[in-house]
Amino acid sequence: MLKKLLIANRGEIAVRVIRTAKALGYRTVAVYSEADANALHVEQADEAVCIGPAQVAASYLNADAILDAAKKTGADCIHPGYGFLSENSGFAKAVKQAGLTFVGPPENAIELMGSKRRSKIAMQEAGVPVVPGYEGNNASDDELIAAAQDIGYPLMLKASAGGGGRGMRLVESESELADNIKRARSEAKQAFGDDELIIEKAVIEPRHVEIQVFADHHGNAVYLGERDCSVQRRHQKVVEEAPSPFVTPELRKAMGEAAVKAALACGYEGAGTVEFLVDKDRNFYFLEMNTRLQVEHPVTELITGQDLVAWQLMVAEGRPLPLTQDDIQLNGHAIEVRLYAEDPASGFTPQTGTLHQFTPAEGEGLRFDTGVRSGDVVSPHYDPMLAKVIAWGQNRDEARRRLIRALEDTTVFGVTTNRHFLSRIIADDTFGAGEATTAFLQQAFKNDPSLAPQPLTIRELALSACALSLGQSAQKGWSNAPATVMPMKLEARDETVELLVRHSGHKLLVAHGEEHYELQLQSQEPGLLCIIDNGVRQRCQYYRSGDSLYLQAFGRSWCVRDITHQPAQGALGTGSGKVQATMDGAIIDVLVAEGDQVEQGQTLVILEAMKMEHPVKADRRGTVGQLLARKGDQVKRGQLLADVQSTEEAAS
Ligand code: MV4
């Protein structure tokens, strides 16, 4: 009997494995790097061992340190999670040699599946459909060129040691072949230390459909349906769902049986995933087999009602699979998205920083798998995935609706995330119709607004001003004192916006150039405002950290910085001296005369617009040269009102 499980991983997958292991009565051991000392997976494990510094090569990839930790704690089995050492046959072997149980397949299955060429030959022999191509042993350039003649174009050159899209090249015509072979070889050598290449016919706009398989020590193997992971960006999965909207019951059975054949052919044990490409005519082709539990396993769990980590542990214990193929029923639909700290509006650059607040949404059919909580720091050392957000529904649209709500209602303050990009994909019509292929993000979705910076709307600006002005007053709400106009300067992304804010009673009127917006405050509590917006009660969550304000409302989230009290321009704080009307209105007072000395920020004239009084101020210190504004004048936005000359200018 196994008693103590060491999890050789971090983040959400470590937390996920610990959850089931504890529930089944195992003691759990976490390993962690110095950067992860306070991480959730460390907190949740019964025991934890530091295995080295932040760099993965020195910690999570350090097999010796992990085996030492197992020895020190008396762990009798090791779960590798995904990534890191999970598909390293040498590690699986070392675990066994140390007298421990590896919760994963035998090392020779890992090794076979690590070679595209050898696995493809093995699958072909087992009767699993593969993409037609050429898999010569260490084929020379001439052999590859000759083979390409028979295969035809377009074709794919793939590094035998590659995987997940690395070391792969599409070749459209014969004239491009020789050059591509050269480049592919040098890339493969660089990336994998092995320049062996194979050729395949290119499948056009394929879908990525993978089958979850399980095998035990007693010769049993089953499939637990498929997952459709066609929505990918640069070979990173973005959306995963089960079942696939493209797979018919007949196709499911054919692919499932092929995947089981694949598992049996390589003496597989435990959890595995057989990846296939599916073309528009529903032909399917073996691509590769992942010899680990996958990131996207939760969608399979939600539609089968099974705990795949529990199955892995049963298999590791030498027990038979808990269900036969006929017992495995699929129920409903599940969709998972990967919530990342990254900015889709600037090329998906990873974001780092403190996660001031992270509160997963709650609701029927929702599951969050996460390794972080409020207050954690998203560091540059590791993958910036914050959580997997998974929704189950009776049908696909119910799962979609629930997932969109979950994304919109999850509070994330502190780092920019891809949540809006994700909810736009799930809501998209092409995706909704089940028509997304691996080309979806590059084609139908490539001009989506979530992929470009969007200026804040006047409504978002008004709400920002509302939250900021509440933060400043000590009492609840605004006073009933006569209306005052406050200028406010906000920085959002790269833009700076100047607002005029007036509140009276519970009303707030915000002007930005010619736009204006009215909001009414209904109630407030820390971090939450209830407002009436155009007659509709809405909620807004916010978090203030220094002069940064994070907000979330209307299904969006954004951040502004209050720079009202910072010097206008640069350290010297000097503007051009050309003082203009900030909006269309009437001059109701002129407070200075030509020749007056004025300070930067001194009010020169009062402009009335939208029933509010707006002070128009000098943007530098100096002498009022021309004064063009006269009491009673109607002025247009941008109209020159006064010219403040710097003292040096006036002297010359
Ligand atoms: C292909 C292909 C078309 N034809 N092979 C990319 C990841 C790697 N596992 C295999 N990949 C592909 N192999 C042939 N013969 C197209 C892809 C491919 C792809 C596959 C799955 C998911 C997303 C993809 C995105 C671009 C290309």
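Helix 3 (residues 63-73) has the buried residues A65, I66, L67, A69, A70 and T73, where buried means under 20% relative accessible area, exposed over 50% and partly exposed in between, with a 1.4 Å probe and protein chains only. Helices (H or I, at least four residues) and strands (E, at least two) are DSSP runs, numbered from the N terminus. The cover over these buried residues includes strand 1 (4-7), strand 2 (27-33), strand 3 (47-52), strand 4 (77-79) and helix 4 (89-97), with contact meaning heavy atoms within 4.5 Å. Just after helix 3, G74 has a positive phi of about 75°.

This is a predicted model, in which local features need pLDDT of at least 70, side-chain atom pairs count only at pLDDT 80 or more, and totals for chains, interfaces and linings use all residues. Residues are numbered from 1 along each chain as its sequence is written, and side-chain values use heavy atoms, leaving out hydrogens and water.

Helix 12 (residues 396-409) packs against helix 13 (residues 419-427) at an angle of about 165°, and their axes are 9 Å apart. Helix 12 is therefore roughly antiparallel to helix 13. Axes are lines fitted to C-alpha atoms, for helices over the stretch in contact, and angles run from 0 to 180 degrees between N-to-C directions. Angles under 35 degrees count as roughly parallel, over 145 as roughly antiparallel, 65 to 115 as roughly perpendicular and the rest as oblique. The crossing of helix 12 and helix 13 is left-handed; this term applies if the near helix is turned anticlockwise from the far one by less than a right angle, and right-handed applies if clockwise. On the helix 12 side, R400, L403, I404, L407, E408 and D409 meet R419, L422, S423, I426 and A427 of helix 13.

Four strands form an open sheet in the order 34-41-39-36, with antiparallel pairing. Its edge strands, strand 34 (578-580) and strand 36 (597-598), each pair on one side only. Two strands pair if DSSP finds at least two bridges between them. Three bridges join strand 34 to strand 41 (residues 640-645) in the antiparallel sense, and V579 stands opposite A642 in strand 41.

The whole structure contains zero disulfides, a disulfide being a pair of cysteine sulfur atoms within 2.5 Å. C266 is in none, and its nearest cysteine sulfur, in C229, is 20 Å away. The sulfur of C466 is too far for a bond, because the closest cysteine sulfur, in C540, is 7.6 Å away. Both C266 and C466 are buried.

| Cysteine | Relative accessible area |
|---|---|
| C266 | 10% |
| C466 | 0% |
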